[in-house]
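The sequence and the model follow.

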Amino acid sequence: MKITVIGSGYVGLVSGACLAEVGNDVLCLDVDANKIRILNEGGIPIYEPGLEAMVKRNKEAGRLRFTTHIPDAVAHGDIQFIAVGTPPDEDGSADLQYVLAAARNIGEHMTGYKVVVDKSTVPVGTADKVRTAIGEALTARNATINFSVVSNPEFLKEGAAIDDFMKPDRIVVGVSDDQAADMMRQLYAPFQRNHERLIVMDVRSAELTKYAANAMLATRISFMNELANLAEKLGADIELVRQGIGSDPRIGYHFLYPGCGYGGSCFPKDVQALVRTAHAAGQDLKVLQAVEDANEVQKHVLAQKIIKHFGEDLSGKKIALWGLAFKPNTDDMREAPSRVLIEELFKCGATVRAYDPVAIHETQRIYGDEPRLEYAQNPMDTLEGADMLAIVTEWKEFRAPDFAAIKAKLKTPVIFDGRNLYDPTHVRAAGLSYFTIGRH
Ligand SMILES: NC(=O)c1ccc[n+]([C@@H]2O[C@H](COP(=O)([O-])OP(=O)(O)OC[C@H]3O[C@@H](n4cnc5c(N)ncnc54)[C@H](O)[C@@H]3O)[C@@H](O)[C@H]2O)c1
């Protein structure tokens, strides 16, 4: 099938590559000329495991191309995926300007039937706005051309995006006509040969499903974070509590890990956007508002533990920081808890020596020449001249360190672990003080 993907970021590029991988003819569009130049020169603008090889393979096979030329992109695909960003507006609601710009572009250039697929995470009612934007652009040209608008929210996880797209748990498709439904079925047939994974529904329900999924996951995290803080006060161990409740199949083990707050490009903005959507509809989502509030508190927990231990004046202190990305296997720094910690440490007069396997370049882009932030080459090198160690991202390479070597390198033998990576008994046996989120 001929497919255009509008927006070549984390979602657009992965979707485009995976759709090409199963034999489709895919053209990816982006307004960011630099991104398209990198892709056309054989590079890759983001870190995502397996993506570079997949892009290369499909580019060489002629099934995957990249452009900044809007008319070509609109002409190419019978299916036009909109996968542009939907960042938070000033009030937290989703900013639809990029989605609607993409829709207008389609309306201005289309010459035949198109299925326009909203893959970006968009509030309920956006498909109607997309339909109106395309309709207005057609009217302005005096053109009458049939098109369908479909909602097909994306559930991939950064860091495991290729696997998630190639072997999805489910594919949610919101449609309002049979022609579009048939095309979506045909498009996704290669991804569900083992059993049917397509869940076809109306457009509004599909739009809400995506927010509901992220809101539920964020809720589990904030719930566990609050319980972890309580466990500390009560002298209970949240890890044992986690196992105790996760074993109930109605609860399950997933997404019950307490930590120093959720971040990333999705949970924070999607939780906020759903709260705003509800507000606009005259309803308060009290649980979800609390989820967001609890997360804001949680992002400061690690800094507070450091301050409690060393006092508010951290001038002259250097903190070794393991992890910068908002989670492992990505270089995404959007809303990363590491940024909150770094800012707080700066405020207290400290400097930071940080290491992350892939997110250093992205951190450098954000912090520029910040003199209080230096970068290390590997985990042990991070400890050079450091007073203490803080951990904010659970990269695999941090899981089994040499605690004796850590103790020998740090000026004060103390670890503040925002991801509960280690057995506290083990760390303390090595002579280190160990602060966790809700363990004892
Ligand atoms: N990142 C994730 O893990 C994830 C997962 C599921 C859903 N989503 C949703 O998918 C959407 C995209 O997220 P992302 O992380 O890929 O964003 P991103 O910022 O990485 O990529 C968006 C891209 O769209 C481009 N763009 C903007 N306007 C454009 C236009 N008019 N025409 C062509 N290109 C345009 C930008 O230049 C950018 O490269 C968001 O709505 C997000 O909430 C993201």
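## Domain arrangement

Domain bounds are taken from an automatic or database domain assignment. The model is predicted. Its protein chain is divided into domain 1, residues 2-201, domain 2, residues 211-297, and domain 3, residues 299-435. Taken over C-alpha atoms, the centres of domain 1 and domain 3 are separated by 38 Å. The contact between them involves 6 residues of domain 1 and 7 residues of domain 3. On the domain 1 side, the residues that touch domain 3 comprise 4 nonpolar, 1 polar and 1 charged.

## Ligand surroundings

The ligand is surrounded by 26 residues, of which the closest are Gly7, Gly9, Val11, Ser120 and Thr121. By class, the shell contains 12 nonpolar, 9 polar and 5 charged residues.

## The annotated position

Which residue does UniProt list for "active site"? The unreviewed entry names Cys266. Cysteine 266 is located in the loop between helix 10 (238-246) and helix 11 (267-280). Because 25 other C-beta atoms lie within 10 Å, cysteine 266 is buried. Residues up to four places away in sequence aside, cysteine 266 touches Thr121 and Asn214. Thr121 is also among the closest residues to the ligand.

The largest nonpolar core has 121 residues, and Ile82, Val116, Leu389 and Ala390 touch the most other members. Helix 9 (residues 203-234) provides the largest share of this core, 10 residues. Beyond its neighbours within four places in sequence, leucine 389 is in contact with Ala320, Trp322, Leu383, Ile406, Leu410 and Ile415.

In helix 13, which spans residues 301-310, the buried residues are Val301, Leu302, Ala303, Lys305 and Ile306. These buried residues pack against helix 12 (286-298) and helix 14 (337-347), as well as strand 12 (388-391), strand 13 (414-417) and strand 14 (433-435). Glycine 311, with a positive phi near 90 degrees, follows helix 13.

Phenylalanine 255 is not a glycine, yet its phi is positive, about 60 degrees. Like cysteine 266, phenylalanine 255 is found in the loop between helix 10 and helix 11. Is phenylalanine 255 buried or partly exposed? Phenylalanine 255 counts as partly exposed because it has 15 C-beta neighbours inside 10 Å, whereas a buried residue requires 20 or more.

Asparagine 420, another residue other than glycine, has a positive phi near 50 degrees. Asparagine 420 is placed in the loop between strand 13 and helix 18 (424-429). With 22 other C-beta atoms within 10 Å, asparagine 420 is buried.

## Methionine 54

Methionine 54 belongs to helix 3, residues 51-60. Methionine 54 is buried, since 21 other C-beta atoms lie within 10 Å. Not counting residues up to four places away in sequence, methionine 54 touches Ala17, Glu21 and Ile162. Methionine 54 and lysine 327 lie 273 residues apart in sequence, with a C-alpha to C-alpha separation of 23 Å in space.

Conventions: Residues numbered from 1 in each chain as written. Predicted model: local features only at pLDDT ≥ 70, side-chain atom pairs only at ≥ 80, totals over all residues. Contact = placed C-beta atoms within 7 Å. Nonpolar A, V, L, I, M, F, W, Y, C, P; charged D, E, K, R; others polar. UniProt positions renumbered as here; feature names shortened; annotations may be inferred. Helix = DSSP H or I, 4+ residues; strand = E, 2+ residues; numbered from the N terminus. Buried ≥ 20, exposed ≤ 12 C-beta atoms within 10 Å, placed from the backbone. Near = placed C-beta within 6 Å. Core = buried A, V, L, I, M, F, W, Y, C linked by C-beta atoms within 7 Å.
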